[in-house]
Amino acid sequence: MADLVIERCLPSAHEAQIQSLFLRGGRPEFGVVYERAYKAREPHGLRSWIGRIAEDVVLHISVAPEQFSDGQRTLTAGLLGDLMADEQQRDFWSPVKLVRRMASDVKKDRAADFLLTSYVPAGGTILRATGFKKSIALKRHVMPLIPGYGLLRRWLHREREPVLTSRPSDDVNTGAALRGLSSPGCFRPVPRADYYATRMPRIDYPAGTWLFAGSADAPDAALLVTSHSPGGLTIVDALWRASEPRLAGTLSAVARWGRRKRNKRLTLTTTE
């Protein structure tokens, strides 16, 4: 039997074999992700690491460079995406070997200042074995979108609700509006329209709606929302202009907007 060979490559150089791996792994939706994200990001540094046996790709992981900033410093993150192993390669050691090679190449080439990913429990074991450490936890918040509850929240925070302007996430004017929203005090991806359009590996972002608080051309805040589950409105991201933002009124305005769209709950995930 041929040996396992691990190498870095342009995804386009092995597109058919990579797509075949994900089909065998029960992830047919990867084809949509590839068209939307890989083709757009490959010219800007996205690379794949693959494991091959002869001509068959049996392991895969990708890294996309992305600028992160807190308004004072800017660093390059390597965003991991789409770790996949063929059934015969899910022996722990083969994926670990792949991820170690990827991390070694990124470090040697100084392609990123740090690597970042989220993961399902099964992938956590592999990442910990290759030196990754848990740095943040996610906390999910849910607000019921019923009239009485919204009135109570507005009475408690007593902040003015701004006027919201909605635009599709792929609107050509979105990029200019986002550029002034640096979200001071928050170390996060530099906001760009193409970041959201190609965000990996989730596919909820392109179907979203931007809600701009205040002026649509120079907003005080912007929230990207999506209704990817029946009756549920999810805040995918939030950006702001001021160094000490007051967002309670904006969130109430978003809740009111979601209720008009007949959603029954508003969900927001924060890091801690």
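I started with Asp 82, which forms a salt bridge (a side-chain nitrogen of Lys or Arg within 4 Å of a carboxyl oxygen of Asp or Glu) with Arg 27, the closest N and O atoms being 3.4 Å apart. Asp 82 lies in strand β4 and Arg 27 in the loop between α1 and α2 (30-41), so the pair ties together parts 55 residues apart in sequence. Helices (H or I, at least four residues) and strands (E, at least two) are DSSP runs, numbered from the N terminus.

This is a predicted model: local features need pLDDT of at least 70, side-chain atom pairs count only at pLDDT 80 or more, and totals for chains, interfaces and linings use all residues. Residues are numbered from 1 along each chain as its sequence is written, and side-chain values use heavy atoms, with hydrogens and water left out.

I checked accessibility next (buried is under 20% relative accessible area, exposed over 50%, partly exposed in between; 1.4 Å probe, protein chains only). Asp 82 is buried at 6%, and Arg 27 is partly exposed at 24%.

I then looked up Arg 24, which forms a salt bridge with Asp 86 at 2.8 Å between the closest N and O atoms. Arg 24 sits in helix α1 (residues 15-24) and Asp 86 in the loop between β4 (74-85) and α3 (93-109), so this pair ties together parts 62 residues apart in sequence. Arg 24 is partly exposed at 43%; Asp 86 is buried at 11%.

I noted 16 salt bridges in the structure.
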